[in-house]
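This briefing covers selected local features of one protein model, grouped by topic for use in computational work. Please read it alongside the sequence and coordinates shown here.

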Amino acid sequence: MDIHLGHVVTPQDATSTNTSPSTPELLDIPNGAVVVDGSTIVAVGEASDILDAYPDTAFLDHGDALIIPGLVDCHVHYPQIGMIASPGEQLLDWLDRYTFPAEARFAEKAHAEATAEFFTDQLLRNGVTTALVFSTVHAHSVDALFTAAQRKDLRIITGKICMDRNAPADLLDTPESAVADSKALIDRWHGTGRLEYAITPRFAPTSSDAQLRALGELAADYPDVVIQTHLAENTAECDWVAELFPQATDYTDVYDRAGLVRERGVFGHAVHLSDRELTRLDEARASLAHCPTSNNFLGSGLFPLKDIRSKVPDLRIGFGSDVGAGTSLSPLATAGEAYKVSRLLASSTGSAPLTAADLLHHSTLDGARALGVDAHVGSLTPGKDADLVILDPAAGTAASGTPADPVLAHRAAQCTTTEELLFACLMLGDDRTVAGVVVNGTLVGTPGAGMATMAP
Ligand SMILES: [Zn+2]
């Protein structure tokens with residue numbers, strides 16, 4: 001058993017008096033403590049009460065650092081980590097020019113294994129303990145990621161990309177091989193420890209109607225697996241989908257007709273949706289992944305989060321980095337960009353921008369809800385997995401005498417409220433702000449010195 005002392009800040013799960021999924025309230029305990037027994041959180045409260053209740057238990061004092069839940073990335077492509085920040089194109093050209101060549105290299109198993117190792121190290125470094133990840137068309141790319149994630153005890157959901165048209169020949173499968181490979185991977189990995197499978201058609205333009213329907217039938221056989229894909233990211237893509245699927249009512253209907261719109265169906269981007277689509281996604285208990293750094297980088301559009309929340313308040317919405325179109329694996333950077341998008345929309349629509357509490361919710365508990373794993377992670381709540389991030393604006397000071405991010409440390413010293421401090425961390429923070437991560441009960445990183453000194 002371990003006690004972590006610090007400034008505890010966490011979303012709280014809905015109770016009978018608090019039923020809204022996006023309720024902005026946070027539990028805020030400046031002199032707080034989290035008790036971890038094995039891989040499970042067993043108590044959260046005032047440090048003085050906890051130390052009295054657990055008198056003979058070892059404790060780690062994180063000082064003024066914030067203790068928040070493990071961060072959740074709802075949409076990211078691990079094979080694209082080597083092509084992040086490739087400039088100058090919009091979505092469809094960018095796929096042809098950068099993405100497909102990068103993914104073709106995963107035909108080589110050793111390349112997949114080395115990339116999975118690097119990628120999972122970077123997730124940890126950024127405080128991401130739960131992620132929904134795209135692999136490539138190659139089944140062994142999934143094996144490589146699950147193997148690395150299992151070793152580091154990360155909660156990873158991934159699947160082999162399925163695409164049988166409109167991509168280079170060496171990246172295509174067929175409706176039959178997509179189902180056979182996905183099924184074999186589900187049987188091999190789904191539900192092993194913290195690992196789960198996601199049926200993964202890349203997006204409608206690269207799957208034939210026959211493939212989408214075959215994957216819908218597979219999904220019906222496995223009602224608890226996740227489904228992930230892209231939806232209405234960019235207007236040229238939306239026009240192309242309308243041409244390719246003239247019989248569908250709209251983009252969402254392309255997936256819906258195939259049986260792919262349901263609970264634990266996680267749709268990336270969803271920037272350009274009609275009210276009908278939003279209503280249908282909500283009714284199906286599906287989820288959206290908002291990927292602001294990617295949308296801004298590729299010029300895809302401004303995701304109207306507040307507007308969507310006003311129309312369908314219960315629709316699950318998490319945040320995604322969407323690396324390699326996204327520009328950072330840090331959920332802090334993603335939250336910062338989500339704020340700026342909300343600020344731009346607020347200026348044109350008169351709505352209020354997102355608050356620090358909203359941003360933390362979407363980066364943790366709402367993300368966990370979007371993935372259907374909120375019974376296990378997303379908040380610091382007794383009974384959940386012990387995934388904790390130690391967020392320290394002055395991280396690194398103990399090791400080198402200078403904070404890793406002097407401007408954030410300087411700003412944090414002037415903050416007088418938790419909201420201000422959290423907001424500053426979300427606007428300015430990145431992997432340097434993560435002083436340590438507790439992954440399923442195990443601390444990675446050195447308290448005081450930070451993740452810089454860790455040997456993952
Ligand atoms: Zn994506």
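The model is a predicted one. The loop between β13 (316–319) and α12 (331–349) also holds Asp-322, one of the protein donors of the zinc ion.

**Zinc site**

- The zinc ion has as its protein donors the NE2 atoms of His-75, His-77 and His-230 together with OD of Asp-322, at 2.1 to 2.4 Å.
- Along the chain, these donors are spaced as H-x1-H-x152-H-x91-D.
- His-75 belongs to strand β5 (residues 71–77) and Asp-322 to the loop between β13 and α12, so this pair ties together parts that are 247 residues apart in sequence.
- The site is irregular, with angles of 90 to 166° among its four donor atoms.
- The site is not counted as tetrahedral because that class requires all angles to lie between 85 and 135 degrees, whereas the angles here extend to 166°.
- For four tetrahedral donors, the ideal angle at a metal is 109.5 degrees.
- His-75 has a relative accessible area of 1% and Asp-322 has 3%; both are buried because the cut-off is under 20%.

**Cavities**

- How many cavities of 30 Å³ or more does a search of the whole structure find? The search finds three.
- The largest cavity has a volume of about 100 Å³, and 13 residues line it, those closest to its centre being His-77, Leu-91, Leu-95, His-230 and Glu-233.
- Helix α2 gives the most to the lining of the largest cavity, with three residues.
- By residue class, the lining of the largest cavity comprises six nonpolar, four polar and three charged residues.
- The second largest cavity has a volume of about 40 Å³.
- Its lining consists of Val-72, Asp-73, Phe-319, Gly-320, Ser-321, Leu-329, Ser-330, Pro-331 and Thr-334, and the elements that give two or more residues to it are β5 and α12.
- The lining of the second largest cavity divides into four nonpolar, four polar and one charged residue.

**Largest pocket**

- The largest pocket holds about 330 Å³ of space.
- It is lined by 19 residues, of which His-7, His-62, Gly-63, Asp-64 and Ala-65 are the closest to its centre.
- At least two lining residues come from each of β1 (2–11), β2 (26–37), β4 (58–69) and α16 (406–414).
- Which element gives the most to this lining? Strand β4 does, with five residues.
- The lining of the largest pocket is made up of 10 nonpolar, six polar and three charged residues.

**Buried loop residues and contacts**

- Ser-86 is found in the loop between β5 and α2 (91–104) and is buried at a relative accessible area of 10%.
- The C-alpha atoms of Ser-86 and Ala-325 are separated by 8.0 Å, although the two residues are 239 residues apart along the chain.
- Asn-126 sits in the loop between α3 (109–125) and β6 (128–134), where it is buried with a relative accessible area of 7%.
- The side chain of Asn-126 reaches the backbone oxygen of Gln-122 at 2.8 Å.
- Ser-207 occupies the loop between β9 (196–201) and α6 (209–221) and is buried, with a relative accessible area of 0%.
- From C-alpha to C-alpha, Ser-207 and Pro-175 are 8.5 Å apart in space, and they are 32 residues apart in sequence.

**Positive phi angles**

- Arg-264 is not a glycine, yet it has a positive phi of about 70°.
- Arg-264 is placed in the loop between α8 (251–257) and β11 (265–269) and is buried at 12% relative accessible area.
- Asn-440, which is not a glycine either, has a positive phi of about 50°.
- Asn-440 lies in the loop between β15 (434–439) and β16 (442–444), and at 13% relative accessibility it counts as buried.

Methods
Residues numbered from 1 in each chain as written. Predicted model: local features only at pLDDT ≥ 70, side-chain atom pairs only at ≥ 80, totals over all residues. Heavy atoms only, no water. 1 Å grid on protein atoms, 1.4 Å probe; cavity = no way out; pocket = protein on both sides within 12 Å on 5 of 7 lines; lining within 4 Å. Points joined across faces, edges and corners; volume = space filled by probe spheres on them. Helix = DSSP H or I, 4+ residues; strand = E, 2+ residues; numbered from the N terminus. Nonpolar A, V, L, I, M, F, W, Y, C, P; charged D, E, K, R; others polar. Donors = N, O, S within 2.8 Å, 3.2 Å for Na, K, Ca; no water. Tetrahedral: all angles 85-135°; square planar, octahedral: opposite > 155°, others 65-115°. Buried < 20%, exposed > 50% of the residue type's maximum accessible area, 1.4 Å probe, protein only. Polar contact = N/O pair within 3.5 Å; in protein donor to acceptor, adjacent residues only side chain to side chain.
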